[in-house]
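This report describes selected features of a predicted model. It treats strand packing, a helix crossing, a loop residue and a chain interface in turn.

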Amino acid sequence: MTLLSIEGLGISFGGIAAVKNVSFRVSPGEIVSVIGPNGAGKTTLFNMISGVYQPGSGKVVLNGEDVTAMSPHLLARRGMSRTFQNLQIFQTMSVLENTLAGYHLQESGPVLADLLNLPSSRRRARAAEEGARALLKRVGLERAAEREAGSLSYGSLKRLEIARAMALKPKVLLLDEPAAGCNAVETEEIDHLIAEIAASGVAILLVEHDMKMVMRISNHIVVLDHGEKIAEGDPATVSRDPAVIAAYLGAEHAAG
Amino acid sequence: MSELLQFLLSGVTVGAVYALVALGFTIIYNASDVVNFAQGEFVMLGGMITFFLHAAGAPLPLAAVIAILATAAIGVAMNKLTIEPARGAPVVSLVIITIGVSILIRGAAQLIFDKQIHTYPAFSGDDPIHILGATILPQSLWVILGAVAVFIGLWLFFTRTLLGRAVLATSNNRLAAQLVGINTTFVMTLSFALSAGIGALAGVLVTPITMVSYDVGLALALKGFAAAMLGGMGNPKGALVGGLVLGLLEGLTAGYLSSQYKDAAAFIVILAVLFFMPQGLFGRKSTDRV
Amino acid sequence: MRLSVKSATLLTLLAFVVVAPLFFPSSFYYRVGALIFVNGLAVTGMVILTGWAGQISLGHAGFAGIGAYACALAPEHLGLHPALAVLLGAVISAVLAWLVGRPILRLKGYYLGVASLGFGILVSMVLNNERDLTRGPDGIDVADLGLRGLLKDAGLDLSNGQFWYFFCGFSLMLGAWFALNIFNSPTGRALRALHGSEIAARTVGIDVPRLKLQAFVISAVYASVAGSLLALQNKFITPDVAGFMHSVEMVTMAVLGGVSSVIGAIFGAAVLTLLPQVLTVFAEYEQLVLGLIMVLVMIFLREGVVPSFLRKFRGNEA
């Protein structure tokens, strides 16, 4: 059963194709990783899928509905949620409030009710807060709930973003380099967290540089190079693919 | 026909002044991402200082040169004392700082000079020149030619000189400019000097037509700001076109519709342009990077 | 237990409104106090729009003008009671804010600044030029609210100054209460979220344009009611209420005091309202001092006076 289907997606900036004709599918509970050397177009692909960029060609189909170039807030209503490579945290808000923002669709109601502090407004907020605290516990940030988010360590912020994205109760979750800049222990924690989320039936699309992590947790891997898909398959197949070794692993070996 | 020409001529004169003010906005914006609401005060200072030096016995050309240099120095001081220390502050704070400076300059001018309205003789007399049934004051030609000279001079400066290219490079990417060894602090200082000097020149040229008092700066700053936005912030060509369009609109509205609502026409058009082109006529489109 | 921001703010305001009159050397100070409260109300709207939602407006005096002239014109031309005129002004301001806000709130930073400025200037131009209706730049008389008379009949005899002092004081408290309700509500969180990162706000499902518009409309109503109260207590109003300088004043008061905090912004309103009173002897220096204060506070106390001091006072507790 396919939940998210990417069909021939492409975009160019200033006449140069950044992503060309990329297709793949993601099913519930599955972890699909997109890998490729720097500049391969992974984040650009993410930005197209999540409605930040308007694709030049191709389609994004979510749950049977064409959602190509749909505004991110409408995608959120349809069950898509994401994190960001370079962190988009609400710096001046507390950790709890950051997570609560993820409950927006569930907790928001008439402005007038909020203005007058009506019981309905308080009830919505209270329900969301319970959920948010539970989520923070799940990502190990419950003790930091009242701290200003800007004061957290990089690894904690990564987990906070995952908690915020999970607050939407998404059907599909896009994670853009969730382990970048994290140490080995933190990476392992995030590793477990992702596996746990997938086990609960969420479809996960992952961009990650840590090859060990990708090989360990992915069900399916899509390899991009210069904006084009050059291979896909399960971790074992992909890691043996000569084109992948040449383009990606080869480049890494040459650099290392 | 001659009526239309008349409105166009007065529109171009006013537009040339707006274009110069807008150019001042643009230069500073490019160097520092700051919109300088004190830009109108530079125009006022140009006119006021010239008047008082002239009244004290200095010949007009000398008075004008001193006024322009003094205003440029004030621009540099403004940058050193208020903009540089506030580097990295949010847009709202910068707006308040530059509005604060403009109020401060106005307050100081009111104390140092006076609250009277002043003017000095036109450079080439007051006999109107007749063109196809319309008339234009010789001083208007001074204003228009002054604006043209400034734009050509700046164009040469930016494209033909090393320093000008350094300024352009800084406006494109400050960090990259620093990396290749451009002294961006100096570029900012230069930008404030240039922009204040150009503002003062506009004031020197236009005072014989519009007269000057300590409080004329604000209205000019708003119009210049609007013109710069209309053209697209940060684009000298946009400043020129924005200023002229605004001036012509005012001239035509005042002529055919209502002189009371000439300012309204300008702002309605700006709202309309921003509605269809949120980056102005020549502005760069920006994309969020995430 | 620590006091919540909401209770602390409201108690501070209440204490001020009640205690300050004990120290008034003359009845003139009731008037100054009432002015502070009216400005505080307008500025509270700026906190919602600028401090929380992160949007700039250089034209909010336009809404104050609408509120003020609604009170001047509606009783005379429509036969409305002045209290209903306040309501009418608020409704007109809200509708206008909704219409104007939809296109201009797509703009960012300085572009939004110039668009809102354009709106404000259009309003002030209409008020100045439509002499048949507004009597032009010389201003127009405003009817009496009539509430003081009612209170007198009920046995509470207040002087005009006292009445407006307490009436505006409690209006401000009500306005602050509404704003603080929003702050911690889902709406307030969403507003602050879009200020923090618009792109992240969109991905969590926040309808950013709609929310910005709501903040714009709410802040316009604050400005409108403040304009109405100003007109009613002065029984007279001029188009200056809608002028660019009044818009700048609103933003400046809010930002000087601390635009992200209601009590900070109100403090800013108090300082800038008092300044001209203190400087009456040196009237020529008023602009100089005002400009200097604006520049110095923004350079040295970037978050505004109150949040900067609170941070120092609390130390580095995280």
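## A buried strand in chain A

A residue is called buried when its relative accessible area is under 20%. By that criterion, both faces of strand 3 of chain A are covered. On one side, A:Ile31, A:Ser33 and A:Ile35 are buried; on the other, A:Val32 and A:Val34 are buried. Strand 3 of chain A spans residues 31–35, and five of its five residues are buried, so the strand is largely enclosed by the rest of the structure.

Strand 3 of chain A is joined by four bridges to strand 8 (residues 203–207) of chain A, and the two run parallel. Within this pairing, A:Ser33 has A:Leu206 as its bridge partner. Four bridges also join strand 3 of chain A to strand 9 (residues 220–225) of chain A, again in a parallel arrangement. Here the bridge partner of A:Ile35 is A:Val223.

## A helix crossing in chain B

In chain B, the axes of helix 1 (residues 2–32) and helix 9 (residues 217–231) come within 8 Å and cross at roughly 75 degrees. Because angles of 65 to 115 degrees count as roughly perpendicular, helix 1 of chain B is roughly perpendicular to helix 9 of chain B.

Helix 1 of chain B contributes B:Val17, B:Tyr18, B:Val21, B:Ala22, B:Phe25 and B:Thr26 to the contact. From helix 9 of chain B come B:Leu220, B:Ala221, B:Lys223, B:Gly224, B:Phe225, B:Ala227 and B:Ala228. Classified by residue type, the contact between helix 1 and helix 9 of chain B comprises ten nonpolar, two polar and one charged residues.

## A loop residue of chain A

A:Asn117 is located in the loop between helix 5 (111–115) and helix 6 (119–138) of chain A. Its relative accessible area is 18%, and A:Asn117 is therefore buried. Leaving aside residues up to four places away in sequence, A:Asn117 touches A:Arg122 in its own chain and C:Lys6, C:Trp177 and C:Asn181 in chain C.

## The interface of chains B and C

The size of an interface is often expressed as the accessible area lost when the parts come together. For chain B and chain C, about 4,000 Å² is buried between them, with 77% of it on carbon and sulfur atoms. The contact involves 50 residues from chain B and 39 residues from chain C.

On the chain B side, B:Ile96, B:Ile103 and B:Tyr261 supply 15% of the area that chain B buries against chain C, more than any other three residues.

Definitions and conventions:
Residues are numbered from 1 along each chain as its sequence is written. Chains are lettered from A and ligands numbered from 1 in the order in which they are written. This is a predicted model: local features need pLDDT of at least 70, side-chain atom pairs count only at pLDDT 80 or more; totals for chains, interfaces and linings use all residues. Side-chain values use heavy atoms; hydrogens and water are left out. Axes are lines fitted to C-alpha atoms, for helices over the stretch in contact, and angles run from 0 to 180 degrees between N-to-C directions. Angles under 35 degrees count as roughly parallel, over 145 as roughly antiparallel, 65 to 115 as roughly perpendicular and the rest as oblique. Contact means heavy atoms within 4.5 Å. Ala, Val, Leu, Ile, Met, Phe, Trp, Tyr, Cys and Pro count as nonpolar, Asp, Glu, Lys and Arg as charged, and the others, Gly among them, as polar. Buried means under 20% relative accessible area, exposed over 50%, partly exposed in between (1.4 Å probe, protein chains only). Two strands pair if DSSP finds at least two bridges between them. Buried area is the accessible area (1.4 Å probe) that two parts lose on being put together, summed over both.
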